[in-house]
Amino acid sequence: MTKPEADVVAIRTRVKFCGMTRLEDALTAADAGADAVGFIFYAKSPRYIEPEKAGNIAEKLPPFVHRVGVFVDAELNEIERTVTLARLTAVQLHGSESADFCAGLRQRMPSLTLLKAFRVGEASSAADFAEYNDVVDAFLLDTFVKGEKGGTGHCFDWELVHKLQLARPFFLAGGLNRGNVVPAMTQLKPYGLDLNSGVESAPGVKIQQEIVRVMLMVREVNSEPGNEAH
């Protein structure tokens with residue numbers, strides 16, 4: 001995944017489909033034009049996948065489709081091992097990882113794109129993000145639900161994004177589907193969209209027609225004046 005720059009403007013919105021567990025779904029996303037697919041390596045998730053199985057899927061993807069590994073408070077050694085087994089090109093940290101932890105991961109694996117996820121709610125503030133600005137490439141904004149790490153299928157109040165004063169590009173997640181991807185793109189102009197449950201029939205089982213429909217809608221918005229690809 002190309003590392004995003006904070007001052008990039010008028011770029012096309014990238015798309016990642018997360019929670020992949022089946023080769024046919026990942027290939028559908030790639031064929032439809034997705035920029036990345038995500039694999040969840042959090043054992044408590046209903047979309048958990050073994051690193052070896054993710055690696056088998058990853059090796060069959062086209063070379064410019066990026067493979068993102070999602071981790072929740074995992075040890076550095078575990079992340080490094082999984083990156084190798086699953087052939088990952090990016091890591092998404094979805095737990096309570098500190099900025100120092102992110103810096104340590106960056107030092108050990110400098111070639112990877114590093115995303116830090118935050119669960120956004122009324123209590124979220126710009127201060128939550130500030131210490132991560134120099135150690136991650138992008139943020140991922142998910143929905144805060146007490147007791148949940150993510151993947152809830154719910155949207156948060158997008159108006160909250162403006163008060164966060166983000167200094168890094170961001171991916172928008174949380175309840176995205178073909179009914180709201182266009183408003184998300186036009187209202188927030190995120191660097192990327194992250195879809196999961198909104199294109200599923202069951203956890204980890206994607207509706208391939210929905211993936212294709214979403215990508216057609218994204219491509220249409222991206223082709224409008226002012227959204228040229230960079």
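Me: What makes the place of Ala202 a strand?
Reply: Ala202 belongs to strand β9, which covers residues 200–202. Strands are DSSP runs of E with at least two residues, and helices are runs of H or I with at least four, both numbered from the N terminus. The model is predicted: local features need pLDDT of at least 70, side-chain atom pairs count only at pLDDT 80 or more, and totals for chains, interfaces and linings use all residues. Residues are numbered from 1 along each chain as its sequence is written, and side-chain values use heavy atoms, without hydrogens and water.

Me: Is Ala202 called buried, exposed or partly exposed, and why?
Reply: Buried means under 20% relative accessible area, exposed means over 50%, and partly exposed lies in between (1.4 Å probe, protein chains only). Ala202 has 31%, so Ala202 is partly exposed. The C-alpha atom of Ala202 is 26 Å from that of Val83, 119 residues away along the chain.

Me: Which residues does Phe118 touch?
Reply: A contact requires heavy atoms within 4.5 Å. Leaving out residues up to four places away in sequence, Phe118 touches Asp128, Phe129, Tyr132, Phe139, Leu140, Leu141 and Asp142. Ile49 is 69 residues from Phe118 in sequence, and their C-alpha atoms are 22 Å apart.

Me: What makes Asp25 and Arg22 a salt bridge?
Reply: A salt bridge is a side-chain nitrogen of Lys or Arg within 4 Å of a carboxyl oxygen of Asp or Glu. The closest N and O atoms of Asp25 and Arg22 are 2.9 Å apart, so the pair is within the limit. Asp25 has a relative accessible area of 0% and is therefore buried, while Arg22, with 26%, is partly exposed. Arg22, Glu24 and Asp25 are linked in a network of salt bridges.

Me: How do you know that Arg87 and Glu59 form a salt bridge?
Reply: The N to O distance between their side chains is 3.2 Å, so this pair also passes the test. The pair links distant parts of the chain, 28 residues apart: Arg87 is in the loop between α3 (76–85) and β4 (90–93), and Glu59 is in the loop between α2 (51–58) and β3 (66–71). Arg87 is partly exposed because its relative accessibility is 41%, and Glu59 is partly exposed because its value is 43%.

Me: Are Glu200 and Lys206 buried or exposed?
Reply: Both Glu200 and Lys206 are buried. Their side chains meet in a salt bridge, with N to O at 2.8 Å. The whole structure has 14 salt bridges.

Me: What stands out about the phi of Asp73?
Reply: Phi of Asp73 is near 50°, which is positive, in a residue other than glycine. Most residues other than glycine have a negative phi. Asp73 is in the loop between β3 and α3. Its relative accessible area is 37%, so Asp73 is partly exposed.

Me: How do you know that the radius of gyration agrees with a compact globule?
Reply: The radius is taken over C-alpha atoms, and the globule rule is 2.2 Å times the number of residues to the power 0.38. For 230 residues the rule gives a value near 17 Å, and the protein has 16 Å, so the two agree. There are seven helices and 10 strands, and 53% of the 230 residues count as buried. Of the contacts with a separation of 6 or more, 62% are between residues 24 or more positions apart.
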